[in-house]
2 protein chains.
Amino acid sequence: MATDFQGIATQFVTHYYSTFDTDRKNLAGLYRENSMLTFEGTQQLGAASIAEKLVSLPFRTVKHEFAEPHAQPTPNGGIIILVTGQLKVDEETQPLGYTQAFQLCQDPAGQWFVYNDIFKLSIF
Amino acid sequence: MATDFQGIATQFVTHYYSTFDTDRKNLAGLYRENSMLTFEGTQQLGAASIAEKLVSLPFRTVKHEFAEPHAQPTPNGGIIILVTGQLKVDEETQPLGYTQAFQLCQDPAGQWFVYNDIFKLSIF
(Lines give C-alpha, C1' and ligand atoms only; values in the text may rest on other atoms or scores of the structure.)
Protein backbone atom coordinates (compact mmCIF):
# COMPACT_ATOMS: atom_id res chain seq x y z
CA MET A 1 0.00 0.00 0.00
CA ALA A 2 1.78 3.11 -1.23
CA THR A 3 0.91 6.27 0.65
CA ASP A 4 0.33 9.35 -1.51
CA PHE A 5 2.77 11.32 0.64
CA GLN A 6 2.97 14.29 -1.74
CA GLY A 7 -0.82 14.61 -1.89
CA ILE A 8 -1.15 14.34 1.89
CA ALA A 9 1.61 16.94 2.34
CA THR A 10 -0.07 19.45 0.02
CA GLN A 11 -3.45 18.91 1.63
CA PHE A 12 -1.99 19.20 5.14
CA VAL A 13 -0.01 22.37 4.45
CA THR A 14 -3.00 24.06 2.82
CA HIS A 15 -5.17 23.19 5.82
CA TYR A 16 -2.47 24.18 8.31
CA TYR A 17 -1.91 27.71 6.97
CA SER A 18 -5.60 28.28 6.31
CA THR A 19 -6.28 27.43 9.99
CA PHE A 20 -3.29 29.56 11.09
CA ASP A 21 -4.58 32.57 9.13
CA THR A 22 -8.22 32.27 10.29
CA ASP A 23 -8.14 31.20 13.95
CA ARG A 24 -4.81 29.84 15.07
CA LYS A 25 -5.99 28.40 18.40
CA ASN A 26 -7.60 25.64 16.30
CA LEU A 27 -4.11 24.44 15.31
CA ALA A 28 -4.07 22.59 18.67
CA GLY A 29 -6.06 19.79 17.02
CA LEU A 30 -3.18 19.08 14.63
CA TYR A 31 -0.72 18.30 17.45
CA ARG A 32 -0.62 15.60 20.15
CA GLU A 33 0.87 15.27 23.65
CA ASN A 34 4.31 14.27 22.31
CA SER A 35 4.47 16.85 19.48
CA MET A 36 7.37 19.28 19.36
CA LEU A 37 7.62 22.83 18.04
CA THR A 38 10.85 24.76 17.59
CA PHE A 39 9.83 28.32 16.73
CA GLU A 40 12.79 30.58 15.95
CA GLY A 41 14.84 28.43 18.33
CA THR A 42 12.28 28.39 21.17
CA GLN A 43 11.03 24.90 22.05
CA GLN A 44 7.56 23.73 23.06
CA LEU A 45 6.34 20.23 23.86
CA GLY A 46 2.72 19.07 23.58
CA ALA A 47 -0.39 20.35 21.82
CA ALA A 48 -1.51 22.72 24.60
CA SER A 49 1.88 24.38 24.99
CA ILE A 50 2.34 24.65 21.21
CA ALA A 51 -1.10 26.21 20.67
CA GLU A 52 -0.45 28.66 23.51
CA LYS A 53 2.83 29.72 21.85
CA LEU A 54 1.20 30.17 18.43
CA VAL A 55 -1.74 32.13 19.87
CA SER A 56 0.66 34.38 21.82
CA LEU A 57 2.58 35.55 18.73
CA PRO A 58 2.48 39.36 18.69
CA PHE A 59 0.28 40.03 15.67
CA ARG A 60 -3.45 40.27 15.14
CA THR A 61 -3.75 39.12 11.54
CA VAL A 62 -1.43 36.99 9.43
CA LYS A 63 -1.50 35.69 5.88
CA HIS A 64 0.80 32.90 4.65
CA GLU A 65 1.65 32.31 1.00
CA PHE A 66 3.74 29.26 0.21
CA ALA A 67 5.38 27.40 -2.64
CA GLU A 68 4.52 23.76 -3.37
CA PRO A 69 5.72 21.71 -0.39
CA HIS A 70 8.32 19.00 -0.98
CA ALA A 71 7.70 15.70 0.83
CA GLN A 72 9.27 12.27 1.43
CA PRO A 73 8.17 9.18 3.36
CA THR A 74 10.02 8.52 6.66
CA PRO A 75 11.08 5.17 8.21
CA ASN A 76 8.20 4.99 10.70
CA GLY A 77 5.47 5.50 8.10
CA GLY A 78 5.46 9.26 8.54
CA ILE A 79 5.97 12.10 6.07
CA ILE A 80 8.66 14.78 6.18
CA ILE A 81 7.72 18.10 4.55
CA LEU A 82 9.75 21.20 3.70
CA VAL A 83 7.84 24.42 2.96
CA THR A 84 9.11 27.86 2.04
CA GLY A 85 6.90 30.90 1.80
CA GLN A 86 6.17 34.44 2.83
CA LEU A 87 3.94 35.83 5.53
CA LYS A 88 2.40 39.23 6.06
CA VAL A 89 1.34 40.39 9.50
CA ASP A 90 -1.14 43.13 10.38
CA GLU A 91 -0.62 46.25 8.26
CA GLU A 92 3.03 45.52 7.39
CA THR A 93 3.56 45.91 3.64
CA GLN A 94 6.85 44.02 3.59
CA PRO A 95 6.34 40.23 3.62
CA LEU A 96 8.76 38.07 5.66
CA GLY A 97 10.28 34.96 4.11
CA TYR A 98 10.02 31.80 6.18
CA THR A 99 10.84 28.13 6.05
CA GLN A 100 9.18 25.30 7.97
CA ALA A 101 9.85 21.58 8.29
CA PHE A 102 7.20 19.14 9.52
CA GLN A 103 7.09 15.47 10.21
CA LEU A 104 3.55 14.09 10.11
CA CYS A 105 2.71 10.78 11.81
CA GLN A 106 -0.52 8.81 12.06
CA ASP A 107 -2.26 8.28 15.39
CA PRO A 108 -3.84 4.88 16.24
CA ALA A 109 -7.08 6.06 14.61
CA GLY A 110 -5.18 6.70 11.37
CA GLN A 111 -5.37 10.47 11.64
CA TRP A 112 -2.33 12.49 10.58
CA PHE A 113 -0.84 14.82 13.16
CA VAL A 114 2.30 16.95 13.49
CA TYR A 115 5.03 15.17 15.44
CA ASN A 116 7.92 17.53 14.49
CA ASP A 117 7.56 21.21 13.59
CA ILE A 118 10.53 23.56 13.06
CA PHE A 119 9.86 27.14 11.98
CA LYS A 120 12.42 29.79 10.99
CA LEU A 121 12.21 33.21 9.44
CA SER A 122 14.51 33.34 6.41
CA ILE A 123 16.94 35.81 7.88
CA PHE A 124 20.47 34.56 7.67
CA MET B 1 19.72 7.42 27.47
CA ALA B 2 19.10 10.88 26.11
CA THR B 3 20.64 11.53 22.72
CA ASP B 4 22.34 14.91 22.35
CA PHE B 5 20.38 15.56 19.16
CA GLN B 6 21.33 19.23 18.93
CA GLY B 7 25.05 18.43 19.26
CA ILE B 8 24.83 15.64 16.69
CA ALA B 9 22.92 17.93 14.31
CA THR B 10 25.51 20.71 14.54
CA GLN B 11 28.38 18.26 14.10
CA PHE B 12 26.67 16.56 11.16
CA VAL B 13 25.79 19.79 9.33
CA THR B 14 29.33 21.15 9.76
CA HIS B 15 30.78 17.92 8.38
CA TYR B 16 28.23 17.74 5.56
CA TYR B 17 28.88 21.22 4.15
CA SER B 18 32.62 20.97 4.67
CA THR B 19 32.60 17.74 2.60
CA PHE B 20 30.28 19.35 0.04
CA ASP B 21 32.60 22.33 -0.38
CA THR B 22 35.83 20.30 -0.59
CA ASP B 23 35.01 17.15 -2.60
CA ARG B 24 31.32 16.47 -2.94
CA LYS B 25 31.63 12.91 -4.27
CA ASN B 26 32.59 11.94 -0.72
CA LEU B 27 29.04 12.79 0.40
CA ALA B 28 28.06 9.30 -0.84
CA GLY B 29 29.34 7.89 2.47
CA LEU B 30 26.67 9.85 4.37
CA TYR B 31 23.78 8.14 2.53
CA ARG B 32 22.57 4.53 2.32
CA GLU B 33 20.67 2.42 -0.22
CA ASN B 34 17.28 3.63 1.02
CA SER B 35 18.20 7.31 1.39
CA MET B 36 16.17 9.94 -0.48
CA LEU B 37 17.12 13.32 -1.90
CA THR B 38 14.67 15.90 -3.23
CA PHE B 39 16.79 18.61 -4.84
CA GLU B 40 14.74 21.55 -6.11
CA GLY B 41 11.89 19.08 -6.67
CA THR B 42 13.97 16.41 -8.46
CA GLN B 43 14.03 13.07 -6.63
CA GLN B 44 16.88 10.58 -6.20
CA LEU B 45 16.90 7.28 -4.31
CA GLY B 46 20.03 5.60 -2.91
CA ALA B 47 23.57 6.75 -2.10
CA ALA B 48 25.00 6.19 -5.60
CA SER B 49 22.23 8.06 -7.39
CA ILE B 50 22.30 10.90 -4.84
CA ALA B 51 26.09 11.33 -5.08
CA GLU B 52 25.86 11.31 -8.88
CA LYS B 53 23.25 14.10 -8.73
CA LEU B 54 25.32 16.21 -6.32
CA VAL B 55 28.52 15.75 -8.35
CA SER B 56 26.71 16.70 -11.57
CA LEU B 57 25.57 20.10 -10.27
CA PRO B 58 26.78 22.73 -12.75
CA PHE B 59 29.41 24.56 -10.72
CA ARG B 60 33.08 23.97 -10.04
CA THR B 61 33.44 25.50 -6.60
CA VAL B 62 30.87 26.10 -3.89
CA LYS B 63 30.96 27.56 -0.39
CA HIS B 64 28.11 27.13 2.10
CA GLU B 65 27.55 29.40 5.09
CA PHE B 66 24.76 28.44 7.44
CA ALA B 67 22.98 29.54 10.57
CA GLU B 68 22.81 27.28 13.63
CA PRO B 69 20.73 24.25 12.66
CA HIS B 70 17.54 23.53 14.60
CA ALA B 71 16.95 19.88 15.52
CA GLN B 72 14.39 17.60 17.18
CA PRO B 73 14.30 13.87 17.94
CA THR B 74 11.97 11.76 15.74
CA PRO B 75 9.81 8.74 16.70
CA ASN B 76 12.20 6.11 15.32
CA GLY B 77 15.23 7.39 17.22
CA GLY B 78 16.28 9.68 14.39
CA ILE B 79 16.92 13.43 14.27
CA ILE B 80 15.15 15.98 12.07
CA ILE B 81 17.21 19.08 11.20
CA LEU B 82 16.29 22.36 9.52
CA VAL B 83 19.12 24.50 8.15
CA THR B 84 19.04 27.85 6.40
CA GLY B 85 22.05 29.46 4.81
CA GLN B 86 23.68 30.99 1.79
CA LEU B 87 25.88 29.48 -0.86
CA LYS B 88 28.30 31.01 -3.34
CA VAL B 89 29.24 29.21 -6.52
CA ASP B 90 32.30 29.79 -8.72
CA GLU B 91 32.98 33.48 -9.27
CA GLU B 92 29.40 34.64 -8.57
CA THR B 93 29.47 37.54 -6.12
CA GLN B 94 25.77 37.26 -5.22
CA PRO B 95 25.12 34.49 -2.67
CA LEU B 96 21.97 32.37 -3.01
CA GLY B 97 19.78 31.70 0.01
CA TYR B 98 18.87 28.06 0.61
CA THR B 99 17.02 25.88 3.05
CA GLN B 100 17.54 22.17 3.71
CA ALA B 101 15.78 19.59 5.87
CA PHE B 102 17.43 16.33 6.89
CA GLN B 103 16.38 13.32 8.84
CA LEU B 104 19.34 11.38 10.24
CA CYS B 105 18.98 7.74 11.28
CA GLN B 106 21.44 5.27 12.79
CA ASP B 107 22.54 2.17 10.88
CA PRO B 108 22.93 -1.18 12.71
CA ALA B 109 26.56 -0.25 13.50
CA GLY B 110 25.32 2.89 15.26
CA GLN B 111 26.56 5.26 12.55
CA TRP B 112 24.40 8.24 11.63
CA PHE B 113 23.37 8.56 8.00
CA VAL B 114 20.98 10.74 5.98
CA TYR B 115 17.64 9.04 5.42
CA ASN B 116 15.71 12.12 4.21
CA ASP B 117 17.22 15.15 2.47
CA ILE B 118 15.16 17.98 0.96
CA PHE B 119 16.99 20.97 -0.54
CA LYS B 120 15.43 24.18 -1.87
CA LEU B 121 16.84 27.51 -2.98
CA SER B 122 15.03 30.30 -1.09
CA ILE B 123 13.27 31.74 -4.08
CA PHE B 124 9.59 32.04 -3.51
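Trainee: Why does B:Asp23 count as partly exposed?

Mentor: Its relative accessibility is 31%. Buried would need a value under 20% and exposed one over 50%, so 31% falls in between and B:Asp23 counts as partly exposed. Keep in mind that we are looking at a predicted model.

Trainee: What makes the pair B:Lys25 and B:Asp23 a salt bridge?

Mentor: Here is the idea behind it: side chains of opposite charge can pair when their charged atoms come close. The cut-off is 4 Å from nitrogen to carboxyl oxygen, and for B:Lys25 and B:Asp23 the N to O distance is 2.8 Å, so the pair qualifies. In chain A, A:Lys25 forms a salt bridge with A:Asp23, with the closest N and O atoms 2.8 Å apart. A:Asp23 has 32% relative accessibility, so it counts as partly exposed.

Trainee: How many salt bridges are there over all chains?

Mentor: The search of the whole structure finds six. One of them joins A:Asp107 and A:Arg32, whose closest N and O atoms are 2.9 Å apart. A:Asp107 sits in the loop between strands E6 and E7 of chain A and A:Arg32 in strand E1, so this pair ties together parts that are 75 residues apart in sequence.

Trainee: Why is A:Asp107 called buried, and why is A:Arg32 called partly exposed?

Mentor: The line between the two words is drawn at 20%. A:Asp107 has a relative accessible area of 15%, which is under that limit, so it is buried. A:Arg32 has 22%, so it is partly exposed.

Trainee: What about A:Ile81, why does it count as buried?

Mentor: Its relative accessibility is 0%, so it counts as buried. A:Ile81 is found in strand E5 of chain A. Leaving aside neighbours within four places in sequence, its contacts include A:Phe12, A:Val13, A:His70, A:Phe102 and A:Leu104.

Trainee: How do you know that the span of helix H1 of chain B agrees with what it should be?

Mentor: At 1.5 Å a residue, its 19 residues should span 27 Å; the end C-alpha atoms are 26 Å apart, which agrees.

Trainee: Which residues of H1(B) are buried?

Mentor: They are B:Ile8, B:Ala9, B:Phe12, B:Val13, B:Tyr16, B:Tyr17, B:Thr19 and B:Phe20. They cover an arc of only 155 degrees around the axis, which puts them on the same side of H1(B). B:Gln11 and B:Thr22, on the other side, are exposed.

Trainee: And in helix H2 of chain B, which residues are buried?

Mentor: B:Ala47, B:Ile50, B:Ala51, B:Lys53 and B:Leu54 are. Their arc is only 160 degrees, which puts them on the same side of H2(B). These buried residues pack against H1, strand E1 and strand E2 of chain B. B:Ala48 and B:Glu52 are exposed on the face turned away.

Trainee: How many residues of chain A are in contact with chain B?

Mentor: 33 residues of chain A touch 33 residues of chain B. The area buried between them is about 2900 Å², and carbon and sulfur atoms give 67% of that. Zero salt bridges are found across this interface.

Key. Residues numbered from 1 in each chain as written. Chains lettered and ligands numbered in written order. Predicted model: local features only at pLDDT ≥ 70, side-chain atom pairs only at ≥ 80, totals over all residues. Heavy atoms only, no water. Helix = DSSP H or I, 4+ residues; strand = E, 2+ residues; numbered from the N terminus. Expected span 1.5 Å × (residues − 1). Buried < 20%, exposed > 50% of the residue type's maximum accessible area, 1.4 Å probe, protein only. Arc of directions from axis to C-beta. Contact = heavy atoms within 4.5 Å. Buried area = accessible area lost by both parts, 1.4 Å probe. Salt bridge = Lys/Arg side-chain N within 4 Å of Asp/Glu carboxyl O.
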